[in-house]
Amino acid sequence: MLTGAGMSAESGIPTFRDAMTGLWSRFDPAELASEDGFRAQPQRVWQWYQERRDGVRRAQPNAGHLALAALDQRHPAC
């Protein structure tokens, strides 16, 4: 099943491109998601990604995730 980035936003995982709350509205992708940014400040980049991983680990499935899991259980061939 393919979903958009917003699927996990309800669980507190920020999207990248949302104009108001997206990560790139608050952070410069050239600094955090490019080779040049990494070479300039590797510790900053590593820390930023570690914080994102920690947030994903703390997140809980939302109603949309549970609905997709239930659909998969009922129709595993879909």
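Which helix is the place of Arg58? Arg58 sits in helix 4, which covers residues 42–58. Helices here are DSSP runs of H or I with at least four residues, strands are E runs of at least two, and both are numbered from the N terminus.

## Ground rules

This is a predicted model, where local features need pLDDT of at least 70, side-chain atom pairs count only at pLDDT 80 or more, and totals for chains, interfaces and linings use all residues. Residues are numbered from 1 along each chain as its sequence is written, and side-chain values use heavy atoms, with hydrogens and water left out.

## The overall picture

Along the principal axes, the C-alpha atoms fill a box of roughly 50 × 25 × 20 Å.

Take the contacts, meaning heavy atoms within 4.5 Å, between residues at least 6 apart in sequence: 43% of them join residues at least 24 apart.

## Thr15, ahead of helix 1

Thr15 lies in the segment before helix 1 (23–26). Its relative accessibility is 14%, so Thr15 counts as buried. Leaving aside neighbours within four places in sequence, Thr15 is in contact with Ala5, Gly6, Ala9, Gly22 and Leu23.

The Thr15 side chain also has a polar atom 3.4 Å from the backbone nitrogen of Asp18. For scale, a polar contact is a pair of N or O atoms within 3.5 Å; within protein, one must be able to donate a hydrogen and the other to accept it, and residues adjacent in sequence count only if both atoms are side-chain atoms.

Arg58 and Ser8 are 50 residues apart in sequence, and their C-alpha atoms are 12 Å apart in space.

Asn62 is found in the loop between helix 4 and helix 5 (63–74). With a relative accessible area of 7%, Asn62 is buried. Not counting residues up to four places away in sequence, Asn62 touches Met7, Ser8, Glu10 and Ser11.

How values were computed: Buried < 20%, exposed > 50% of the residue type's maximum accessible area, 1.4 Å probe, protein only.
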